[in-house]
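Hi,

Here is the structure I said I'd pass on.

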Amino acid sequence: MMTIDLLATLRFIAGPSNARILFAAATFAAFPVAHAHHSRAQFDMDDILALEGTVSRFDWTNPQVYLVIEEENGTEWLIETDAVAVMTRSGWTSDSFVPGDVVSARFNRDRDQARTHGLLLSIQTPNGEQLVS
C-alpha cells in the first residue's frame with residue numbers, strides 16, 4: 001500500500017517556504033461547509049410557539065432557508081429552517097411560499113425573547129399542506 005505525504009508533495013511542488021501556506025489553504029478549501037454551520041443552542045427547544053400570519057419574505061438560500069412572517073399586529077418574525085438541500089428532501093421548493101401567503105407556523109423561540117426569531121418545526125401552506133423543517 002502506498003501512502004502520500006501531502007506536506008512533502010506540496011514542498012516539492014511549491015518549494016519549502018510556500019508549502020505550509022498551500023497546506024493550510026488546501027485544508028480550509030476541503031471543508032467549506034464547516035464555518036457556515038451554527039448551533040441551535042440559541043433556541044429554547046422546550047418553548048414552542050404557534051403563529052398565524054402573512055409571509056412577507058421567503059429566502060431560498062444557504063446556509064439556511066428563512067421566512068419572515070408578519071402577525072396581524074405588525075410584528076415580524078424571522079423563522080429559520082435548514083439548508084436548501086435538506087428542505088428540498090422535505091418537499092419544499094423555491095416556490096413553496098410567496099409574499100402575501102397566509103400561513104400557520106410552529107417553531108422554537110429564540111432564548112433571547114426580545115428577539116422575534118425562531119427555529120421552524122412545521123408550517124401549514126395556504127393550500128393546507130403541512131411542511132416540516
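The side chain of Asn108 has a polar atom 3.5 Å from the backbone oxygen of Asp44. I list that pair as a polar contact, meaning N or O atoms within 3.5 Å, where within protein one must be able to donate a hydrogen and the other to accept it, and residues adjacent in sequence count only if both atoms are side-chain atoms. Bear in mind that this is a predicted model, so local features need pLDDT of at least 70 and side-chain atom pairs count only at pLDDT 80 or more, while totals for chains, interfaces and linings use all residues. Residues are numbered from 1 along each chain as its sequence is written, and side-chain values use heavy atoms, with hydrogens and water left out.

Asn108 sits in strand E4, residues 102-110. Is Asn108 buried or exposed? Asn108 counts as buried because its relative accessibility is 3%; the cut-offs are under 20% relative accessible area for buried, over 50% for exposed and partly exposed in between, with a 1.4 Å probe and protein chains only. Leaving out residues up to four places away in sequence, Asn108 touches Phe43, Asp44, Met45, Asp47, Ile48, His117, Gly118, Leu119 and Leu121. A contact here is heavy atoms within 4.5 Å.

Next, strand E5 (residues 117-124), where six of the eight residues are buried. Its pairings (two strands pair if DSSP finds at least two bridges between them) go like this:

- With E3 (residues 76-80), E5 pairs in the parallel sense over three bridges, and Ile79 has Gly118 as its bridge partner in E5.
- With E4, the pairing is antiparallel over six bridges; Ala105 is partnered by Ile123 of E5, and a hairpin of six residues joins E4 to E5.
- With E6 (residues 130-132), E5 runs antiparallel, joined by three bridges, and Gln124 stands opposite Gln130 in E6. The hairpin of E5 and E6 has five residues between the strands, and Gly128 there takes a positive phi near 90°.

As for the whole chain, there are three helices and six strands, in the order α-α-β-β-β-α-β-β-β from the N terminus. Both are DSSP runs numbered from the N terminus: helices are H or I of at least four residues, strands E of at least two. The chain has 133 residues, and 29% of them count as buried. Of the contacts with a separation of 6 or more, 51% are between residues 24 or more positions apart.

Cheers
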